[in-house]
Amino acid sequence: MALEHAILVSLTERAGSGYELARRFDRSIGYFWPATHQQIYRVLRRMDDAGWVKHTEIAQDGRPDKKVYRIAAAGRTELTRWLAEPADPAVLRDGLGVKLRGASVGDVDVVLKEVERHRAEHATRREVYRGIQKRDFPKPATLHGRELHQYLVLRGGIRAEESFVAWCDEVIDALRKDSA
């Protein structure tokens with residue numbers, strides 16, 4: 001997938017300026033397809049040149065004009081084409097797993113601390129996702145269409161974080177038992 005497709009998906013949900021899109025990425029889609037604000041602005045310009053998005057300039061007092069982007073017909077065509085294309089299954093590339101695999105060569109306690117740090121980060125992210133679920137999707141059984149699709153992606157993120165936290169717990173327990 002390219003950032004272009006993530007932006008097109010976001011624009012089908014709501015038009016927005018580059019800044020607004022970057023903020024949306026920071027709060028939602030960026031959890032699954034991260035991008036910097038600079039990347040988003042650069043790709044928006046490229047998509048505008050390609051005719052995938054259109055923009056309207058809105059004058060602002062004391063500030064440069066704001067460009068509000070919306071998906072264009074060519075962008076919908078591209079998004080439809082991309083949605084029909086098979087996606088490769090995600091491949092786990094995890095430096096922590098490689099460190100764990102080589103732990104016996106170095107200091108196992110250092111690797112244990114790194115696993116604990118990763119566990120804390122994933123637990124925090126899991127709680128952020130659960131908070132989003134509680135706030136935005138309090139009645140999941142009533143969802144359909146776009147809201148259901150957004151909820152399902154969020155549930156995938158929650159499940160992934162739960163799994164990673166559980167694996168870290170397993171690793172921490174095993175390493176502590178092994179060093180005792």
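Visitor: Which elements do the buried residues of α4 pack against?
Guide: In this predicted model, the residues of α4 that are buried are G75, E78, L79 and W82. Seen down the helix axis, they fall within an arc of 100°, so they line one face of α4. The elements they pack against are α1 (3-13) and β3 (63-71).

Visitor: Which exposed residues does the face of α4 turned away from its buried side carry?
Guide: Exposed means over 50% relative accessible area. On the face of α4 turned away from the buried side, the residues that are exposed are A73, T77, T80 and A84.

Visitor: How far apart are the end C-alpha atoms of helix α4?
Guide: Helix α4 has twelve residues, 73-84, and at 1.5 Å a residue they should span 16 Å. The distance between the end C-alpha atoms agrees with this, at 17 Å.

Visitor: Is R155 buried, partly exposed or exposed, and what is its relative accessible area?
Guide: R155 is found in helix α7 (residues 145-179). Buried requires under 20% relative accessible area and exposed over 50%. R155 is partly exposed, because its relative accessible area is 23%.

Visitor: Which side chain does a polar contact of 3.3 Å join to that of R155?
Guide: A polar contact needs a pair of N or O atoms within 3.5 Å. At 3.3 Å, the side chain joined to that of R155 belongs to Q133.

Visitor: What is the helix content of residues 92-176?
Guide: An unreviewed UniProt entry places the feature "domain: Transcription regulator PadR C-terminal" at residues 92-176. The end C-alpha atoms of this span lie 25 Å apart.

Methods. Residues are numbered from 1 along each chain as its sequence is written. This is a predicted model: local features need pLDDT of at least 70, side-chain atom pairs count only at pLDDT 80 or more; totals for chains, interfaces and linings use all residues. Side-chain values use heavy atoms; hydrogens and water are left out. Helices (H or I, at least four residues) and strands (E, at least two) are DSSP runs, numbered from the N terminus. The expected span of a helix is 1.5 Å times one less than its number of residues. Buried means under 20% relative accessible area, exposed over 50%, partly exposed in between (1.4 Å probe, protein chains only). The arc is that of the directions from the helix axis to the C-beta atoms. Contact means heavy atoms within 4.5 Å. A polar contact is a pair of N or O atoms within 3.5 Å; within protein, one must be able to donate a hydrogen and the other to accept it, and residues adjacent in sequence count only if both atoms are side-chain atoms. UniProt positions are given in the numbering used here, feature names are shortened, and annotations may be inferred rather than shown by experiment.
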